[in-house]
Each structure stands twice: as structure tokens, then as C-alpha cells.
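Hello,

Here is the structure I promised to pass on to you. Please have a look at it first, and then read my notes below.

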There are 2 protein chains.
Amino acid sequence: MMNLIDDLRRLVGDRATDSSSERLCYSRDASQVRGLPDYVVRPLNAIEVSEIVRLAGRLGVPVTPRGAGTGLAGGAVPIKGGILLDLSGMDRMLELDLDDLQVQIEPGVIPERLNWALKEHGFFFPPDPGSSAMCTIGGMIANNASGMRCVKYGTTRDHVLDLEVVMADGRVIHTGSRMLKSSAGYDLTRLMVGSEGTLGIITAARLRITPLPRARRLIAASFPTAEAGARAVIEAFSAGIVPSACEILDRTTLMVLSKCNPNLALPMDGDLILFEVDGSEQSTAEEAEQIERACSAAISVRIATGKEEMEEIWAARRLVGAAVSRLDPNLSRVYLGEDVGVPISQIPTLIARVERIAEEAGIPAMKYGHIGDGNLHAALFIDITDEDRWGALERAADRIHLAALDLGGTVSAEHGIGLARARYMERQWGEGLDLMRSIKRAIDPQGILNPGKLGL
Amino acid sequence: MMNLIDDLRRLVGDRATDSSSERLCYSRDASQVRGLPDYVVRPLNAIEVSEIVRLAGRLGVPVTPRGAGTGLAGGAVPIKGGILLDLSGMDRMLELDLDDLQVQIEPGVIPERLNWALKEHGFFFPPDPGSSAMCTIGGMIANNASGMRCVKYGTTRDHVLDLEVVMADGRVIHTGSRMLKSSAGYDLTRLMVGSEGTLGIITAARLRITPLPRARRLIAASFPTAEAGARAVIEAFSAGIVPSACEILDRTTLMVLSKCNPNLALPMDGDLILFEVDGSEQSTAEEAEQIERACSAAISVRIATGKEEMEEIWAARRLVGAAVSRLDPNLSRVYLGEDVGVPISQIPTLIARVERIAEEAGIPAMKYGHIGDGNLHAALFIDITDEDRWGALERAADRIHLAALDLGGTVSAEHGIGLARARYMERQWGEGLDLMRSIKRAIDPQGILNPGKLGL
């Protein structure tokens with residue numbers, strides 16, 4: 001292994017390094033997981049990736065792909081050392097094919113940049129994680145990211161037509177085609193989406209794009225209980241509404257937000273549901289009215305149509321992640337137990353359980369998230385310099401994960417498993433996990449691709 | 001093997017048989033593929049399926065699952081003999097969970113029956129293959145079926161949340177959950193969808209359901225050329241319209257239809273595009289107007305809003321499959337080369353090539369299909385008692401498949417590969433097929449599940 005760095009340099013020049021400072025920079029993502037790579041390499045094309053992976057395969061050295069490092073589960077952290085592949089430099093937009101409703105890009109493209117480019121043509125790429133100004137589309141695919149709009153438009157998985165993937169043996173394959181639909185063999189594309197770099201390294205992606213809606217409307221409805229809010233969501237769905245966003249901010253979240261900014265444009269008198277509908281002027285007006293009717297149990301309902309007014313409310317919604325640190329400088333948000341999901345009907349029960357768990361642990365908890373697809377973000381915050389509090393938080397997060405599974409849900413709805421949630425895979429999947437392990441062994445027999453992740 | 005029938009009878013009583021007449025009944029589907037099973041078994045639950053598969057595994061006997069036998073590629077034909085599993089008797093609707101927008105059913109449920117049951121609650125299961133009054137949902141899943149409405153609602157794949165599957169070793173696993181979204185490991189559900197019974201036997205399915213739209217409008221636009229029609233489709237998409245159906249009937253198809261029924265409610269003066277939009281009264285009215293504008297190159301545009309008027313036009317569209325046999329009693333439609341797909345922009349080129357191929361072969365060809373997702377059904381018809389004509393047809397179908405691949409398309413957009421199209425898999429997928437083979441070997445190492453299919 002002594003000369004692996006020399007071999008890597010022969011392949012990519014000074015885009016390969018083993019300097020300690022560089023390695024340290026790549027030893028973490030946005031989660032608590034840590035792991036130092038032995039080498040950092042920044043390939044610029046599929047051929048380089050292929051050569052690096054072949055080299056790693058010959059020596060049995062782990063390869064961990066990484067986009068922007070915004071992950072919340074340690075997915076891109078090289079916990080077994082080896083080679084860290086920084087793919088953020090592969091950021092070309094390769095093809096814009098509007099007639100066929102698709103684009104081809106390299107994995108390092110940031111979604112907001114793609115959306116700027118698409119906007120002038122009247123299209124967009126719908127998945128919108130909170131990190132869309134900084135994450136990479138490669139990371140979104142590896143993770144099956146989603147966000148607010150997936151309640152209408154689906155997750156990243158639903159927008160990928162084809163991937164160019166470097167396999168563990170260095171071969172470069174395509175998983176799909178330019179076709180919007182096909183019935184010709186196994187769905188390799190969707191097997192790769194969400195596999196978190198354990199089955200192959202994505203070097204290009206063909207994405208389906210969607211026409212931008214012409215109008216939006218936002219309905220902010222405040223409810224006496226989260227349960228009443230959830231009931232209104234179900235009623236709106238049953239009435240045939242497919243909102244383009246359907247968010248919940250519980251009263252604790254609102255309280256924290258109002259302390260950060262007392263002039264917030266949000267009703268503060270209960271648990272808040274934000275519905276957004278998009279389409280034409282007329283259809284959104286009609287749907288907003290229907291939603292108002294579905295919210296008969298609300299304390300107050302406000303319909304926003306002005307662009308600025310809506311932007312103000314969404315800006316407040318986006319504040320949530322950052323709000324905590326402004327509440328008390330001694331408290332930090334820890335991303336554990338933060339991404340559970342349950343069937344929609346179970347959201348009120350889940351919120352009640354999270355409340356009890358947090359209370360018993362003496363940890364403040366904001367509950368917010370994408371209620372329209374059952375995804376609850378529980379934000380727990382503690383003094384992270386206090387070891388006791390860490391222990392309490394870990395136990396609380398564990399109980400939140402188990403509560404979600406108990407309600408027929410998932411330990412991660414959109415942030416991924418990585419290392420942070422790997423130990424729940426057996427419990428969530430039962431023998432399904434054996435099947436995943438068989439697939440992993442078949443496709444990466446040496447286990448060099450992102451080892452230690454997904455509980456495989 | 002002598003006593004396999006006795007063993008099968010011990011498991012399921014007289015629902016296992018080796019009578020020649022029964023075996024013959026199960027030796028075909030709706031394609032030209034033929035293969036006689038050695039045994040026919042009609043299991044009624046997952047435990048029975050599991051026991052049968054275990055027994056087959058011990059003896060290395062093939063197991064081929066079958067729904068209603070409406071497949072067009074031989075997917076359910078037991079070409080290597082062994083056990084034919086008739087799953088049509090497993091047809092219970094297990095759970096209707098409207099709040100969580102889902103149902104759980106057994107694989108033998110016929111989609112039209114499910115939709116009757118859902119209709120009274122205001123919901124539907126969108127995938128709508130032409131055979132939806134007789135096929136099974138298990139078959140639709142195995143095949144990733146779709147139909148007219150998938151241009152808006154997606155294929156079967158997009159509506160499956162969880163499958164109960166009996167694996168090759170007899171284990172019963174779940175591939176998903178009740179969650180509408182999840183990011184927790186490999187997407188086993190979508191790996192199973194479209195795998196045509198080669199990876200496991202589906203014994204239950206949890207499906208996402210969709211609220212029924214309140215209104216529909218149909219726009220029938222007649223164009224001087226198929227190219228002008230395709231251009232209008234692209235323009236409508238770019239204007240932000242997502243039609244709930246977008247069909248093409250070329251002038252040959254219209255000619256055949258008009259000979260069957262001279263009073264047809266369709267414009268007969270060119271190549272016809274049928275757009276349907278659904279939603280509210282207002283939004284469909286708005287969108288119909290926009291589509292009309294996108295059809296500026298049309299010879300004529302007619303907007304239908306009355307339920308009867310629309311039903312009349314769709315009835316004519318549905319006639320297409322059957323029309324041929326009424327044109328000339330000596331000609332039969334042969335399902336070869338009938339399901340190719342290309343990127344939308346390539347549809348005019350594909351139509352022109354199919355025309356030339358058919359002309360050169362001296363075979364009449366109707367070209368119709370789901371232009372909105374690039375899926376063209378080429379209907380070739382010959383005197384099937386004439387061996388020469390068979391040869392000419394097979395060569396023409398081969399050229400159609402190769403033309404689709406040449407245009408960046410697929411040999412099957414919704415009917416599946418089965419045996420009929422297995423030989424194109426290598427050409428369509430390249431090394432991707434090796435990956436499918438690795439997965440098949442890992443999950444069914446003995447190769448007992450539906451052997452000989454998908455070119456694996």
C-alpha cells in the first residue's frame with residue numbers, strides 16, 4: 001500500500017493526496033459520524049473513476065464516494081479508511097433535451113444551479129431537499145433525497161431515467177435509457193438510487209424534468225391539536241387535492257421561531273399546517289377554497305397568493321433548522337432521530353410519542369416536517385459539551401426510531417441510513433436485509449464500495 | 001420426480017394436477033410462445049406458495065407464476081416445463097386504508113374490480129393496461145404494466161408500496177412498508193416490479209391509490225403528418241400541460257377503424273392525436289384551450305366534454321386491437337414488434353421507419369399508442385396459415401425492434417420481455433445485462449424461478 005498514493009497520482013496527478021489536513025477535511029459530513037480517509041482523490045470523469053476503482057479493487061482498499069458532504073447519516077464518511085472520492089468537481093451539465101423532457105448532468109451539479117438553468121426554459125427538477133443550494137445531485141440520487149415538493153412530484157427516485165455507474169470491478173454501465181417508460185428487465189436505475197454508494201459510483205445521471213407551474217397558492221391553517229391538523233390533511237387528500245407541499249410546524253417549533261423573529265408571518269396560535277397548491281391561477285384558487293373547507297376544525301386559516309407573502313412564510317419555514325442555535329447559544333441541534341416517517345394517519349400518535357420521549361429525557365424538541373408523506377423531523381437540542389446530555393439524547397433518539405418502526409414506519413424517510421441508522425436495518429427489514437446483503441455481495445463481492453454502511 | 005404430483009397434492013389437495021388437458025390450457029398466454037408445464041398448481045395463500053417453491057427447490061424443478069395469462073411476450077409460459085403456479089385464485093382484497101391512501105390485495109385481483117371498489121370512495125388505481133378488465137394486478141406488477149394514463153400517473157412501478165414475495169428458497173419477505181416514501185436501503189420493491197417472476201413469487205401487494213379527478217376533457221386533433229402531431233405534443237408539454245392521456249392513431253389505424261365502423265366519432269382526415277386532461281372543471285377547460293393553441297398546425301381540433309361523447313371516442317380507441325380481425329377474416333394480428341418505445345422527439349422517425357419496414361415486407365401496419373411517453377404499438381397483420389408470411393413478419397418485427405434501439409429506445413415499453421423479446425436484452429443493455437444476471441444468480445442460485453425469461 002506504500003505506493004498507492006504514487007499510483008493514484010499517476011492516474012490523476014495532484015488531484016490525489018494523502019496530506020493530513022486534506023484527509024481531515026474529508027473525515028465528516030453534516031452528521032456526528034467521523035472517519036479519516038487514507039487518500040483523497042478528485043476525479044474528473046468516469047474513466048478516472050473506473051481506473052481508481054480498479055486499482056482499489058486490486059489492493060482491496062475501500063472506496064467511499066462523496067458529493068458535497070451535506071449528508072445527515074454519515075453516508076459519505078470513510079469509516080473504514082481507504083480512498084475518499086470527491087465527485088464535486090464533476091459538475092458539468094452535459095445535455096439539455098427539452099423536447100424529451102430530460103437533462104444529463106454529472107453527479108457534482110448542485111440542484112439549485114440546474115434549476116436556474118432550467119427556469120428560463122420553463123422547467124424544473126422537482127426534488128428539493130433543504131440543502132438544495134449546496135448539496136450535489138449525485139448525493140441526492142445516492143440517498144433518494146426528496147423535500148417539501150415530493151408529496152406531489154415524488155422523490156429523487158421518480159426523476160432518474162438513467163445512470164452511468166462505475167461498478168466495483170471498474171466496468172462502466174448504464175442502468176436505463178432516454179425512455180420515459182420501459183418494461184425490459186430489472187430496474188437497475190432504482191436499485192442504484194438510494195444505495196448510498198454501496199453498489200457503484202454514479203458518474204452521470206439522466207434526469208426527467210417537469211414544466212414549472214404557472215401559479216402557486218399557500219394556505220396556512222392553525223389547529224388546536226396536531227391530530228386535528230392531520231385529519232384536515234387526510235380530508236384534503238380525500239377531496240382529490242394533491243398539494244405541492246404539505247408541511248407541519250408544531251407549537252414548540254412556532255414558539256422557537258417566534259423567539260428568533262417576533263415579526264414572523266405565521267399564525268402562532270396552535271399547530272400549523274402549511275398547504276401549497278400549484279397549477280393555473282384558476283385551479284389553485286379552486287383548490288385553496290377546497291383546502292379551506294377541509295380545515296373546518298382550524299382556529300384560523302390564511303390564504304397567501306402574493307409572491308412576497310408566500311416567500312416570507314417559506315423563509316420562516318426554512319428558518320427552522322437554524323432557529324435553535326439562536327434560541328440559546330449553549331444548545332446545539334443534534335441530528336439523531338431526526339428523519340422518521342410513519343403512515344400519515346399515525347402522525348398524531350408519533351408526535352405525541354416524540355413529545356413524551358423528549359419530556360422524559362428533559363430535552364426540548366421541535367416537531368416539524370413533511371406531513372403529506374408522513375415524514376416528521378424531530379429536532380432535539382442539547383448542550384453538546386455535556387456528556388450526560390449526549391447519553392440522554394442518544395437514548396431519546398433510539399426511542400423515537402423504535403416508535404416509528406412500531407407504527408409501521410421507517411427510521412429514515414429522506415436523509416438515508418449511512419452509519420447513523422445502520423443498526424435499525426435488521427429491525428426495519430427482517431429477512432429483507434438478507435436479500436439486500438445478497439445483492440451487495442453479488443455486485444461488490446470484495447466489499448470495497450463504501451463499506452460499513454446501510455447495515456449490510 | 002415420479003411422486004412430485006403426490007407431494008403437491010399433499011400440500012394443496014386437488015388444486016394440484018398433472019392432467020394433460022389442464023396442462024395444455026396453461027401452455028400459452030396471449031403471445032405466440034408455447035410451453036407445456038408438467039404440473040399445474042393453484043395455491044391459495046403465501047404459505048402454500050412457499051411450500052411448493054421449497055419442494056421445487058429440493059428437486060430443482062422450475063416454477064413459473066401466472067396471473068390471467070393475458071401477457072404478450074410469453075412471460076407466464078412455462079417453457080422449461082415444471083410447475084405452473086396459477087395465482088388467479090388468490091384474489092382477496094385484504095385491506096382498504098383510505099386515510100393512508102393505500103390498499104393491500106392478493107395478486108389475483110383484477111384491476112377493474114379494484115377500481116370498482118375504490119370508485120365509491122372517490123379513489124382509483126391509475127395504471128390501466130388495455131387488458132384491465134381481465135388481467136391480474138400480480139401480472140401487472142411482474143410486468144410493470146402501464147397504459148394510457150401513465151403519461152400523467154406513472155407506471156405500475158410508481159404505485160407499489162410493498163410486496164409480499166416468496167423467494168426461491170421459500171422464505172416470505174416484505175420489500176417495502178406502508179410508507180409513501182422512505183430512504184432506508186435498497187429499493188427491493190422496484191427491483192421486483194418488472195422482474196417477470198424471475199426473482200420471487202408475489203403473494204400480496206400494497207398499492208398506493210389516487211383520488212379520482214372530478215372532471216375530464218378530451219381533445220381530438222387531426223394533423224397532416226405524424227411529425228406535426230408529435231410537435232404539438234411536445235409544445236403542449238412545454239406549456240406545462242401534463243395530460244392524463246396522450247394517444248396517437250395514425251391514418252392507417254383510422255382507415256381500419258372506419259372500415260369496422262363507418263360512424264366512428266373520430267376525425268378521419270389525418271394522423272390523430274387524442275389528448276385527455278383531468279382535474280377540476282375550470283382547470284381542464286383552461287388546459288383544453290392551451291392544448292388547442294399548441295395544435296396550431298392541426299387540420300381540425302375537436303374538444304369533447306360530455307361523458308358520452310368522450311366515452312364514444314375512447315371506445316373507438318379501444319376498438320383498435322380488435323379491429324384488424326374484422327377487416328379481413330383471413331388476416332390476424334400477430335403480437336411481434338408491437339410494443340417498442342423511443343424518446344418522444346423520435347416518434348415521427350420511428351413511425352416513418354415502421355411504415356417503410358412494413359411496406360417492404362408487404363404487411364399492413366397500424367401505428368398507434370401512447371405518444372406521450374414514446375410508446376408505439378405497431379400492429380402487423382398477416383394470414384397466419386401462410387409460413388412465408390410468418391417469416392416476413394418475423395423479419396419485419398426484428399427490424400422494428402432494432403429501429404427502436406437505434407433511436408435510443410426500448411424493445412418493450414409496457415408489455416415486457418418474456419421469451420418473445422429476450423434476444424434483444426444484450427443489445428439493449430450491454431453490460432447492464434451482466435449485472436441483471438448477477439442479481440438473478442444471487443437471489444435464485446438454482447435458477448428455478450421462471451427460467452429462460454428476460455435473456456438472463
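**What I found**

Chain A falls into four parts: domain 1 (4-86), domain 2 (93-211), domain 3 (215-323) and domain 4 (329-414). Between the C-alpha centres of domain 1 of chain A and domain 3 of chain A there are 43 Å. Please keep in mind that this is a predicted model.

**How the two chains are related**

Two copies of a chain are related by a rotation about an axis and a shift along it. For this pair, chain A is superposed on chain B by a rotation of 180 degrees with 0.0 Å of shift along its axis, and the RMSD is 0.0 Å. That is the relation of a two-fold axis. If you want a landmark in chain A, look for Ser283(A): its C-alpha is the one nearest the axis, 2.6 Å from it.

The copies meet through the same surface, because 100% of the interface residues of chain A are also interface residues in chain B.

**Where H10 meets H10**

Ser283(A) also turns up in a contact between the chains. Helix H10 (residues 281-294) of chain A packs against helix H10 (residues 281-294) of chain B at an angle of about 170 degrees, and their axes are 8 Å apart. Angles over 145 degrees count as roughly antiparallel, and so H10(A) is roughly antiparallel to H10(B). On the H10(A) side, the contact is made by Gln282(A), Ser283(A) and Glu286(A), while H10(B) brings in Glu281(B), Gln282(B), Ser283(B) and Glu286(B). By type, the residues of this contact are 4 polar and 3 charged, with no nonpolar ones.

**A helix pair inside each chain**

Now for a pair within chain A. Helix H12 (residues 347-361) of chain A and helix H13 (residues 387-406) of chain A cross at roughly 160 degrees, with axes that come within 10 Å. H12(A) and H13(A) are therefore roughly antiparallel to each other, and the crossing in which H12(A) passes H13(A) is right-handed. From H12(A), the residues in contact are Leu350(A), Arg353(A), Val354(A), Ile357(A), Glu360(A) and Ala361(A). They meet Arg389(A), Ala392(A), Ala396(A), Arg399(A), Ile400(A), Ala403(A), Ala404(A) and Asp406(A) in H13(A). Sorted by type, the contact of H12(A) with H13(A) has 9 nonpolar, no polar and 5 charged residues.

Chain B has its own H12 and H13, which pack at an angle of about 160 degrees with their axes 10 Å apart. Here too the result is a roughly antiparallel pair, and H12(B) passes H13(B) in a right-handed crossing. Among the residues of H12(B) in this contact are Leu350(B) and Ile357(B), and those of H13(B) include Ala396(B) and Ile400(B). The contact of H12(B) with H13(B) divides into 9 nonpolar, no polar and 5 charged residues.

Enjoy exploring it!

Best wishes

Terms used:
Residues numbered from 1 in each chain as written. Chains lettered and ligands numbered in written order. Predicted model: local features only at pLDDT ≥ 70, side-chain atom pairs only at ≥ 80, totals over all residues. Heavy atoms only, no water. Axes fitted to C-alpha atoms, helices over the stretch in contact; angles between N-to-C directions. Helix = DSSP H or I, 4+ residues; strand = E, 2+ residues; numbered from the N terminus. Parallel < 35°, antiparallel > 145°, perpendicular 65-115°, else oblique. Left-handed = near helix turned anticlockwise from the far one by under 90°. Contact = heavy atoms within 4.5 Å. Nonpolar A, V, L, I, M, F, W, Y, C, P; charged D, E, K, R; others polar. Least-squares fit on C-alpha atoms with pLDDT ≥ 70 in both. Domains from an automatic or database assignment.
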